[in-house]
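Q: I have a model open and want to learn how to read it. Can you take me through the features one at a time?

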Amino acid sequence: MPDSTPPGPPPGPRDPGDAWAIGPDGTKAWGRFGAAGLLVDDGAGRVLLQHRVEWSHHGGTWGIPGGARHQHEAAVTAALRESAEEAGVPDDAVDLRHTALLDLGFWTYTTVVGRASRPFEPVIADRESLALSWIPIDQVDALPLHPGFGASWPALRAVVTTTPHVVVDAANVVGSTPDGWWKDRAGAASRLLSSVTALAADGVEASLLDLPFARWWPRWTVVLEGEARAASDPEARATADPQARAAAVDVVRALGPGDDAIVEAARRAGDAGDGPVVVVTADRELRARVEASGAVVRGPGWLREQTDARSRLPH
């Protein structure tokens, strides 16, 4: 431990969330409003871990940067704030992948999992770390792990390279709702792109992708054909916000048959190692073609139910 690192918790004013939550049986957990942490991999087989200072809870063990959530603070926001405060993780260097939720009833811990979008070196930014290191994934089990992280690590490790990808047959999805879309195909496609972009920022419930944990942020590709190719691009988002970056939707404006472009998009996603690859369409012939490449198919209702549910939420 560096000589410049004094013992004890940091001085100064503390947030109301920086307190113990106590369960009905007397169990204590740090974070009055719950807690969150960030598990980030570098895309080259390493994850960023923190060697916890001795005075902290379970001091001397290795875990992920994280801590108590502030009141009304979203878990993703808390995990990124804590990782910046403790490890100097740049807020523009992490792409969201998924979240895992531990719910004890009186307290929750959310593990936010991401991948580094660019190389960075961690920096000990406060007094809660003895060390910060990029640890090869196959060496993590050899460390004395924080009990909570140690219990969750096997399941987290099993999906560390999982990258779901959703390919949307825009013509089929738009055409599934008789709302007068045929009067303005480009306008209808623009509205679909806006809805998909918002959904991409919010993420998708894990069960809808047949994946474990709580919520995932897939890659998204929307294929436009015919007059719909004139649709407006989704609104640009600030790159410093990881949920905004997750909302970056790839728009393919097919010069030929839209079905061919969809099949090609699904094939490229699979070749890149993405999976599961989900194609949203009700076209039977197209379904057979994309399933032959290993993709799974969901009908337009699968997408519409998510966008409709999101539109009913307060914003």
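A: Start with a pair of strands. This is a predicted model. Val-222 stands opposite Val-251, a residue of strand 14.

Q: How many bridges pair strand 13 with strand 14, and in which sense, parallel or antiparallel?
A: Four bridges, in the parallel sense.

Q: Why is strand 13 described as largely enclosed?
A: Count its buried residues. Five of the six are buried, so the rest of the structure largely encloses strand 13.

Q: How many residues are in the largest nonpolar core, and which have the most contacts inside it?
A: The core has 32 residues. Val-168, Trp-220, Leu-224 and Leu-303 have the most contacts inside it. Next, ask where the core residues come from. Strand 10 (165–169), helix 3 (170–175), helix 4 (185–202), strand 13 (219–224), strand 15 (277–280) and helix 8 (300–311) supply at least two each. Helix 4 gives the largest share, eight residues.

Q: Take Leu-224. What is it in contact with, beyond its neighbours within four places in sequence?
A: Its contacts include Ala-170, Ala-189 and Leu-193. Val-251, Val-252, Arg-253 and Ala-254 are also among them.

Q: How do I read one face of a helix?
A: An α-helix has 3.6 residues a turn, so residues three or four places apart point the same way. Now the case here. In helix 6, the buried residues are Gly-258, Ala-261, Ile-262, Val-263, Ala-265, Ala-266 and Ala-269.

Q: What covers the buried residues of helix 6?
A: The cover includes strand 10, strand 13, strand 14 (250–253), strand 15 and helix 7 (284–291).

Q: How far does helix 6 reach from its first C-alpha to its last?
A: Helix 6 has 14 residues and reaches 20 Å, close to the 20 Å expected at 1.5 Å a residue. Then check what follows. Gly-273 comes after helix 6 and has a positive phi, near 95 degrees.

Q: Is Ala-261 buried or exposed?
A: Buried, because its relative accessible area is 15%, under the 20% cut-off. Ala-261 sits in helix 6, residues 258–271. Beyond its neighbours within four places, Ala-261 is in contact with Val-223, Val-252 and Ala-254. Distance along the chain is a separate reading. Ala-261 and Val-297 are 36 residues apart, and their C-alpha atoms are separated by 16 Å.

Q: Now the charges. How many salt bridges does a search of the whole structure find?
A: Side chains of opposite charge can pair when their charged atoms come close. The search finds 16 salt bridges. One of them joins the side chains of Asp-41 and Arg-115, at 2.9 Å from N to O.

Q: Are Asp-41 and Arg-115 buried or partly exposed?
A: Asp-41 counts as buried, at 4% relative accessibility. Arg-115 counts as partly exposed, at 22%.

Q: Where do Arg-287 and Glu-291 lie, and how far apart are they?
A: Both are in helix 7, four residues apart, so about one helical turn separates them. Arg-287 is partly exposed at 39% relative accessibility, and Glu-291 is partly exposed at 37%.

Q: Which residues do salt bridges with shared partners join into one network?
A: Glu-73, Arg-81, Glu-82 and Glu-85. Within it, Glu-82 and Arg-81 have their closest N and O atoms 3.1 Å apart. Both of these residues are buried.

Note on methods:
Residues numbered from 1 in each chain as written. Predicted model: local features only at pLDDT ≥ 70, side-chain atom pairs only at ≥ 80, totals over all residues. Heavy atoms only, no water. Core = buried A, V, L, I, M, F, W, Y, C linked by side-chain atoms within 4.5 Å. Buried < 20%, exposed > 50% of the residue type's maximum accessible area, 1.4 Å probe, protein only. Contact = heavy atoms within 4.5 Å. Expected span 1.5 Å × (residues − 1). Salt bridge = Lys/Arg side-chain N within 4 Å of Asp/Glu carboxyl O. Pairing = 2+ DSSP bridges.
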